[in-house]
Amino acid sequence: MNGTKVTVDVDGRQLVLSNLAKVLYPSVGFTKGQVLDYYSRVAPVLLPHLTDRPLTLKRYPDGVQGHSFYEKNAPSHRPGWLRVERLPSPGSSKQRDSIDYAIVDDLASLVWVANLACLELHVPQWHVSAPAEPDLLVLDLDPGPPASIVECCEVALLLRERLAADGLESFAKTSGSKGMQLATRAEGAARETSTYAKQLAQDLERSRPGLVVHRMTRSLRPGKVFVDWSQNSPAKTTVCAYSLRARDRPTCSTPLSWAEVEACRTAEDLVFTTDEVLARVEADGDLWAGLL
């Protein structure tokens, strides 16, 4: 029953979990209890990518077909042991001088957040110890229909070559939706992340104008891949590796091998649900560990 509550011990923390039978992905009957199970099991590879990064929650209390909202401020009813960091919030749309961010760096915190029907976990490219000083550069590849992740893979391979020429190792993952992301360490040529990322996108558009666009203008994007370099703004967040996404199925933002990127021929080749992600982690570990 949806109203049922159960108290569990998670690494010495007492948590009250609720509505475990509530269906959050109606098309496949995937429940809140299954969301909690996935996040608990994927935690060993997920938590290192969340550690010390301010977390923005995207909550779906009535499931993926219902109302959703982003939440940057840690909920006021949070447990006393949840790590919270108050950080400046210049230019906040809600006129706030600061935000009390949840920092999810242990299993109990992750389970508590997931119990809020937080399906998606979004983080910036910087740590709380150095606000707005990125340690990662991210390129978000967003296909404009009829382009798909197949074209994103083509763009990703071109970007990998360019990054490698600058001495940078890059890592790819699916967005868990229709596109993908590339990431590299913010060092060397990529230290000025926004400037460098914009230059990459512009250069690629000049060399492959039929495939790539670097501007957000919707009318320019059909059939092309938008290389969103603006994700490197300190105010922006990107979905975390291994996060669920609010699609029809419980798909996840999934780290990829470059062999998988090279082999992609259909969009379905790179769609991974929770069970598939857990099997991949069991077989191959964290394919994004090189970014840590």
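Start by selecting K58 and E120: K58 stands opposite E120, which belongs to strand 9. Keep in mind that you're looking at a predicted model.

Now widen the selection to strand 5, residues 56-59, and strand 9, residues 118-123. These two run antiparallel and are paired over four bridges.

Stay on strand 5 and show its side chains. Are they buried or exposed? T56 and K58 sit on one side, L57 and R59 on the other, and all of them are buried, so both faces of the strand are covered.

Next, pick R59 and look across to F69, its bridge partner in strand 6. Strands 5 and 6 are antiparallel too, with three bridges between them.

Time to zoom out. Which strands make up the whole sheet? The order is 6-5-9-15, four antiparallel strands in an open sheet. Strand 6 (69-71) and strand 15 (238-239) are the edges; each has a single partner strand, so one side of each lacks a neighbour in the sheet.

Last stop: select helix 1 (residues 32-50) and helix 2 (residues 107-114), whose axes lie 9 Å apart at an angle of about 140 degrees. That angle makes helix 1 oblique to helix 2, and their crossing is right-handed. To see where they touch, show L36, Y39 and L47, among others in helix 1, along with L107, L110, V111 and A114 in helix 2. The contact is made of 10 nonpolar residues, one polar and one charged.

Conventions. Residues numbered from 1 in each chain as written. Predicted model: local features only at pLDDT ≥ 70, side-chain atom pairs only at ≥ 80, totals over all residues. Heavy atoms only, no water. Pairing = 2+ DSSP bridges. Axes fitted to C-alpha atoms, helices over the stretch in contact; angles between N-to-C directions. Parallel < 35°, antiparallel > 145°, perpendicular 65-115°, else oblique. Left-handed = near helix turned anticlockwise from the far one by under 90°. Contact = heavy atoms within 4.5 Å. Nonpolar A, V, L, I, M, F, W, Y, C, P; charged D, E, K, R; others polar. Buried < 20%, exposed > 50% of the residue type's maximum accessible area, 1.4 Å probe, protein only.
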